Amino acid sequence: MKRFPRLSQLARRLALSGVLVSSTAVVHPAPVGPSGAGPGPKTTQSSSASHYARWQASMDAFAAADKAQAPAEDGVLFVGSSTIRFWTQLPQDFRDVPVVINRGFGGSTMADCQYFVKQLVLQYRPRQVFVYAGDNDLAEGRSPQQVLDSFEGFVAAVRAELPDTRIAYISIKPSPLRAELMPRAREANALLAAYVRTLPNSDYIDIFTPMLDLQGAPRAELFGPDRLHLSGAGYRLWRSVIADYVGRGRATMQAGSDRAAEKATETAAAVPAAAAVQVSTGR
């Protein structure tokens with residue numbers, strides 16, 4: 001017992017700094033690369049694929065829906081947990097966007113979205129993707145830093161294959177049922193907001209603040225009877241906030257296309273001019 005005093009002191013310091021994770025926490029997955037399978041550019045803790053077997057029915061349902069009617073590329077994709085899944089009016093709420101795809105699967109985490117990024121995002125090649133996930137991670141015992149790590153892995157996979165796709169992160173919401181998690185949600189949101197600010201062609205959408213009352217508590221009217229999922233009023237609030245961001249990817253990609261077309265036109269015009277100089281000088 002006397003041989004390991006330094007080890008125990010180190011362990012205590014790591015625990016205090018948040019490096020050691022509680023044994024009750026769910027294991028964080030290894031980020032996936034652009035192929036959707038295997039380690040990506042940032043690797044953390046490994047996780048057995050069996051942990052994700054619970055989502056196979058959801059993935060099969062998405063595949064069946066795609067087979068029945070494949071969504072067009074260059075659309076606006078919403079992915080995340082049950083808040084997205086239950087947003088059944090998404091296409092109607094953003095009807096001015098040509099294609100709105102809902103790939104929410106209830107109970108999912110940011111870690112799950114990262115793991116299934118190929119099925120959920122890459123195959124659709126969207127111009128813009130909105131991500132809502134993270135509160136289930138916190139509820140399952142993950143730390144705010146782990147939520148950020150999962151989102152970073154998600155972003156890396158999307159950007160590796162779809163560099164022009166705009167990515168928007170919708171902040172973790174406050175809810176009456178999980179009021180005790182609000183300090184950790186604030187911490188996670190702060191980490192995610194700071195990270196998104198370093199990314200080009202991206203948005204951080206603060207949905208947390210407008211969902212609070214004057215006393216700083218979650219507004220009860222925005223939630224259903226379970227005090228966790230949104231009511232009709234909650235979705236109307238979300239639509240009003242998120243509407244300002246929908247379509248930004250189109251403008252960015254159109255600007256890129258316009259610049260490419262302009263460059264091609266300039267190049268085409270330069271060729272005859274160069275040829276004329278050569279003729280006039282006899283070269």
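The lining of the second largest cavity holds one nonpolar, five polar and three charged residues. Here Ala, Val, Leu, Ile, Met, Phe, Trp, Tyr, Cys and Pro are nonpolar; Asp, Glu, Lys and Arg are charged; the others, Gly among them, are polar.

This is a predicted model: local features need pLDDT of at least 70, side-chain atom pairs count only at pLDDT 80 or more, and totals for chains, interfaces and linings use all residues. Residues are numbered from 1 along each chain as its sequence is written, and side-chain values use heavy atoms, without hydrogens and water.

**Exercise 1. Which residues line the second largest cavity?**

Step 1. A cavity is a set of points on a 1 Å grid, over the protein atoms alone, where a 1.4 Å probe fits but cannot get out; a lining residue has an atom within 4 Å of a point.

Step 2. List the lining: Ser81, Ser82, Thr83, Asp135, Asn136, Lys173, Arg178, Leu228 and His229.

Step 3. Assign elements. Helix 3 (82-85) and helix 7 each give two or more residues to this lining. Helices are DSSP runs of H or I with at least four residues, strands are runs of E with at least two, and both are numbered from the N terminus.

Step 4. A volume is the space filled by probe spheres set on the points, which are joined across faces, edges and corners.

**Exercise 2. Describe the largest cavity.**

Step 1. Two cavities of 30 Å³ or more turn up in the whole structure. The largest has about 70 Å³ of space.

Step 2. Its lining is Asp135, Leu138, Ile172, Lys173, Pro174, Ser175, Arg178, Leu181, Met182 and Ala185. Six of these are nonpolar, one is polar and three are charged.

Step 3. Helix 7 (135-139) and helix 9 (182-197) each supply at least two lining residues.

**Exercise 3. Which strands pair with strand 1, and in what sense?**

Step 1. Two strands pair if DSSP finds at least two bridges between them.

Step 2. Strand 2 (residues 100-104) pairs with strand 1 in the parallel sense over five bridges. Val76 stands opposite Val100 there.

Step 3. Strand 3 (residues 128-132) also runs parallel to strand 1, joined by five bridges. Leu77 has Val129 as its bridge partner.

Step 4. Check the surroundings. Five of the five residues of strand 1 (residues 76-80) are buried, so the strand is largely enclosed by the rest of the structure. Buried means under 20% relative accessible area, exposed over 50%, and partly exposed in between, with a 1.4 Å probe on protein chains only.

Step 5. Check both faces. Val76, Phe78 and Gly80 are buried on one side, Leu77 and Val79 on the other. In a regular strand, side chains alternate between the two faces of the sheet.

**Exercise 4. Is Asn189 buried or exposed?**

Step 1. Asn189 is buried, because its relative accessible area is 6%.

Step 2. List its contacts (heavy atoms within 4.5 Å). Leaving out residues up to four places away in sequence, Asn189 touches Ser171, Ile172, Tyr204 and Phe208.

**Exercise 5. How much confidence does the predictor assign?**

Step 1. pLDDT is the predictor's confidence in each residue, from 0 to 100. The protein averages 80, and 71% of the residues score at least 70.

Step 2. Over residues 1-46 the pLDDT is below 50, yet this stretch has 70 contacts beyond near neighbours in sequence.

Step 3. Residues 263-283 also stay under 50, with two contacts beyond four places in sequence.

Definitions and conventions:
On a 1 Å grid over the protein atoms alone, a cavity is a set of points where a 1.4 Å probe fits but cannot get out, and a pocket is an open set with protein on both sides within 12 Å along at least five of seven lines; lining residues have an atom within 4 Å of a point.
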